[in-house]
Structure formats: C-alpha cells, structure tokens
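Dear colleague,

Please find below the structure that I am handing over to you, together with its sequence. My notes on it come after the display.

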Amino acid sequence: MSFLALQFDNPFTTLLPADSETLNYPRQVHDSVYSSVMPKKTPNPQLVAVSDDVAEMLGFSTSQQQGDDFLKFFSGNYVPEDISPYAMCYGGHQFGHWAGQLGDGRAINLTQVNTLNHGSQVLQLKGAGPTPYSRTADGLAVLRSSIREFLCSEAMFHLGIPTTRALSLSLTGDQVVRDMFYDGNAKAELGAVVCRVSSSFMRFGSIELPAYRKDKDLLKQLVDYSIKHDFPELVIEHQANEVKRYLAWFEEIAKRTCKLIIHWMRVGFVHGVMNTDNMSLIGETIDYGPYGWIDNFDLNWTPNTTDAQGKRYSFGKQGEIAQWNLFQLANAIYPLIAESAPLEKILNNFSKHYQQQWREMMAQKLGFHSADNTLKEQRNEGDEQLFLELETLLSEVETDMTIFYRLLADFNYNDVTRANNIAHFSDCFYQTEPLSSEYQERFSLWLQHYAQRIQADNIAQSVRKAAMNKVNPKYVLRNYLAQQAITLAEQGDYSQLHELKNVLKKPYDEQVAFHHFSEKRPEWARNKAGCSMLSCSS
Ligand code: AMP
Ligand code: MG
C-alpha cells in the first residue's frame, strides 16, 4: 500500500537497530540509532506554502498538493499504516564542547520515498511534537522560525548551494510559548510545521555519539550504512579494503564540506550554529536556525545572539570551524582506522583546498578570466593581494557585499575622473556622510589595479559581466526581508512570503519589478530583533 502515490522505502529503520522502548518520554537511548515516535495531532492545520519544485521532485500533482490528504500527511495529522515515523539519535559538540546525546528533539522522519528522477528522499516534519530526544523542550516550532527555514532552504537551493529542501509549511492551529531572547519576555506564537526533504539527515554527531560511548559495533554499522546509502560509489571503488573505504568516505565528506563553506562565503551566508550536530554528512546546509546574510561586509559578524560574545560562528570563521568539526569526525572514526596519519593528512589538506578554492571563488566573483596559463602564477600572486585589499576596504566603511559585486560587474574604468569611478559605487555604502579623502584614495587605487587586471584578461566587458552575475547573486534572503515576511504572516498576510519565495528562485536574474528586494538594509533594521539579532529559540 502507498499513500499519495508515494513509494515508501525504509532502509534506515529496516537495516539499523531500533530503540526497544516504544513509549515517548525523554531518555538516553543506547545501542540503537532511532526511536519510533508518532507526530502530534494538531487542532487546526492550515497549509501556508508549498515549494512547487520539491513537490514536483516528489511527484505531486497540483491537485494533490491542494488536497486534504496532503495537508493531513505533511502536518503530522495522518500516518498511513505502512510507515513507522522515527526520530534519529545523535550527539554533538556544541560551541566547542561535547554535549552528549542530542538527537531529533523536534524533528520526526515520516518515511523515505523513492522518486522517479531524484533517488530516494527522506520526508521529515520539523516541529511535529516531542520525541525521546526533546529533553526539557516541547518538540514544537513557531511560524517565525518555520518561515525562515522554508524560505532559506529553497533560496539556498536556487543559489546552487547544497541544502536540505523544504516541501511545505503549515500552521498547526496551536499556540506555542517562546521566550525569544531568554530574557523573561515569553509570549505565545503561532505553531507551525515544515516538511524538510533530503536524501540523508545524518550528521557528524550521528557518528560521534557511538564513538563517545565506545560502541564500536554501532559506530561501524552507521558508517557502513552512510557509505552504502549515500556514497555507493565508494563501495565499488574500495571493495576489498575496508580501511581505505572509510578513509575515502572521510575524504569525500571533507571535500563536500569545504565546497559548501566556500559557497557560503561567496554569497554571504552565516549559518550561526555550526555545532557538529548541525553538520550534514552529505555536505548539505542543514538546520536553519539563527542564520543570517551579510548586509555590510563584516568577517566578524554573527547573527546568533547566543554567540555574540565568543563569535565562534562568525562569517569569517566558518572555514576554520568546519575543519574543527571535521577533526571531531576524524576522532570519532579513528577506532575504525586505527592510524592517525592518514586522517591528519586529510585534515591538513582541508586547509590547502580551502585556500585554493577561496582564491578561485574570489577570482570568479571579481570576473577574472584565468584560462591563460602562462600568466597564471604571476597573476595569482597579485590577485591574492587584490582580494585581501578588497576585504579590508569593504570592512573599513560599511559596504553592502551583495550590491558591491553587482556594481562591480557593471564597472567600466574611467581613468580621467576618479570621482566618477567612485560615484559608480555610491549605492553600496551605508554611511550617508561623504567618504574620507584618504579612503577614496585607496578605493580608487584598488579600482585602478582592478582595471589593469581585467584589461590584461582582454575579454569583452559584456562577457565578464555575464560571468560575474552568475556567481554574484542580486537577490539573497536579507535578514530584514525575512523579518518583514514574518511580521506580515503573523497577521495572516502571506504576500511577502510568496513574493520572496518566487524572486529567490532566480537570484542571479535582474527581475526589475522586484528591484526593491535587492536594496540595502534600511536603517530601522540595523539593530532590530529578527533582522540582525537572532537566538536559537525557535
Ligand atoms: P539546534 O540548535 O536547533 O540544532 O538544536 C540543538 C538540539 O536541541 C537538537 O537536539 C534539537 O533537536 C533540540 N531542540 C531544539 N529546539 C527544540 C524544541 N523546541 N523541542 C525539542 N528539542 C529541541
Ligand atoms: Mg540541530
């Protein structure tokens, strides 16, 4: 039997050990990797938004999406007899410290399904009630954080960045009490459920937990499962040598993680809580909590108020933290490898690859054409300096990162008037008073060097511009835009939510009618909750 024409398939629960306790209460779960749990029924479910292309990927017709079965299933109000929802058990390092068992405290996997063209996908409800991993919390999510998850995961996908997807967003009809800044100002908010979709929700922390518990059998089962299910090419490549297979798996995770962070740096995304339980083994962006998007370029910026002191997860630290997290994963799988040198080598290579890919990414952002190998080395050296000087300039006076790069694509060097060159960029500066003459001097010098560099490439301005506009988005989910959509949605007006959802499908296109969504952060949003300050409370 199947439901909504979905092809159910559940290797995770069939092949891996289950928690023998079936009652739903908070506890430590040993010797098993998941617990069966039913989503909570909700009084008045209401569908707010659906991602058309995730729906299409899963094979839902428009009429199915509008039907009652769809809403009941994806709000957790109906569970077909032949599936058995479950919460996953994992641990993690939070803010640099081992936190023990965490697990899906507010996520319940409904089932895995086989799709026609997109392999197998797991359907997961976020905010569908408590699980054995909820500890003292309620397992629920509010509309505010669910809109942020829904919009951002879809925006990320359309930017070309690996991510979990979001199929649907529903209101539950429940009121959920939240103290947004943990300061004694609790208030009732609207409850909501997002259905997230990914081929795997396994995290670094899924592997760390059995390792910390010295349960080598379970550790091996999980790694073997991840390889077989998510990295099947490694089984064929390293059939005879298990240790080599594990190392290849770790190396591939390191590679994917590196690529992911480079993408985040390219578009100005700050995850905000890069704890190891929020790091996906398949290299996707996962767990959209107190994330933020860079408005003014600032490597020290973190949107997460919980991290305001330490700034562990600030924009510029994401590469370093990813490596730290990989180090924890390496420690966890050490018992399967029994040799540290090959693991260390992969970790050291991470820094090398990161540097190299960062340079390539910056070259693309700046529209450099690097096909000319004869001059490449010489240019790389000069290029690196251009990149670093640019970062200094962008940080010194508040400069909107996204707007700057779009303006740069349109820049035509005018060596007669320095003022004209600088005036071309006036839209990306936040300060209203004139820039100091010293700053103008340096900015102008940088533009001159940049102009020389692109002239050496000898490619048509239109070609350079098109290439740059493919890597420098015009539209990102600016923090204040998401907050505006939330404020309206909380009053029952979903217009901005839908507009943003549509505009962010084509983030690199001009879309003139929506130019206002590309404008820099307005002054009122500078220090406003939800726009620049977010907490883990969701
Ligand atoms: P996060 O910071 O969102 O990655 O969450 C860290 C841990 O806290 C995970 O194990 C979550 O499942 C759990 N958690 C966060 N919020 C809730 C909630 N409202 N109810 C239950 N568990 C939660
Ligand atoms: Mg999490």
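The paragraphs below set out what was found, going from the domains to individual residues. Please bear in mind that this is a predicted model.

Domains. The protein chain is divided into domain 1 (2–201), domain 2 (205–363) and domain 3 (371–538). Between the C-alpha centres of domain 2 and domain 3 there is a distance of 28 Å. Contact between these two domains involves 24 residues of domain 2 and 26 residues of domain 3.

Nonpolar cores. The largest nonpolar core has 131 residues, and the members that touch the most others in it are Ile-207 and Trp-249. The element that gives the most to this core is helix α9 (residues 242–267), with 14 residues. Leaving aside residues up to four places away in sequence, Ile-207 touches Met-202, Leu-219, Leu-222, Val-223, Trp-249, Leu-281, Leu-329, Ala-332 and Ile-333. Another core, of 31 residues, lies apart from the largest one; Phe-60, Phe-74, Leu-125 and Tyr-133 are among its members. As general background, nonpolar side chains in soluble globular proteins tend to be buried together.

Aromatic pairs. The structure holds 35 aromatic pairs, and two of them are described here. In the pair of Phe-73 and Phe-74, the ring centres are 4.9 Å apart and the planes stand at 65 degrees, so the pair is edge-to-face. Phe-73 counts as buried because its relative accessibility is 0%, and Phe-74 likewise counts as buried at 0%. The rings of Phe-429 and Phe-443 also form an edge-to-face pair, with 5.6 Å from centre to centre and 70 degrees between the planes. Since Phe-429 lies in the loop between α14 (418–423) and α15 (437–457), while Phe-443 belongs to helix α15, this pair ties together parts that are 14 residues apart in sequence. Phe-429 is buried, with a relative accessible area of 7%, and Phe-443 is buried at 0%.

Charges over rings. Which residue has its charged end over the ring of Tyr-25? That residue is Arg-27, whose charged end sits 4.7 Å from the ring centre. Lys-520 lies over the face of Tyr-430, at 5.6 Å from the centre of the ring.

Asn-278 is buried, with a relative accessible area of 9%. Asp-287 has a relative accessibility of 14% and counts as buried, because the cut-off for that class is under 20%.

Two further residues. Ser-35 is found in strand β2 (residues 34–36) and is buried, with a relative accessible area of 0%. Not counting residues up to four places away in sequence, Ser-35 touches Asp-19, Arg-27, Val-29, Pro-85, Tyr-86, Ala-87, Pro-132 and Tyr-133. Of these contacts, Arg-27 is the residue placed over the ring of Tyr-25, and Tyr-133 is a member of the core of 31 residues.

Is Val-512 buried or exposed? Val-512 counts as exposed, because its relative accessibility is 69%. Val-512 lies in the segment after α18 (495–503). The C-alpha atoms of Val-512 and Leu-394 are separated by 26 Å, and the two residues are 118 residues apart along the chain.

Yours sincerely

Note on methods. Residues are numbered from 1 along each chain as its sequence is written. Chains are lettered from A and ligands numbered from 1 in the order in which they are written. This is a predicted model: local features need pLDDT of at least 70, side-chain atom pairs count only at pLDDT 80 or more; totals for chains, interfaces and linings use all residues. Side-chain values use heavy atoms; hydrogens and water are left out. A nonpolar core is a set of buried Ala, Val, Leu, Ile, Met, Phe, Trp, Tyr and Cys residues joined through side-chain atoms within 4.5 Å. Buried means under 20% relative accessible area, exposed over 50%, partly exposed in between (1.4 Å probe, protein chains only). Helices (H or I, at least four residues) and strands (E, at least two) are DSSP runs, numbered from the N terminus. Contact means heavy atoms within 4.5 Å. Rings of Phe, Tyr and Trp (its six-membered ring) pair if their centres lie within 6.5 Å; planes under 30 degrees apart count as stacked, over 60 as edge-to-face and the rest as tilted. A charge sits over a ring if NZ of Lys or CZ of Arg is within 6 Å of the ring centre and within 35 degrees of the ring normal. Domain bounds come from an automatic or database domain assignment.
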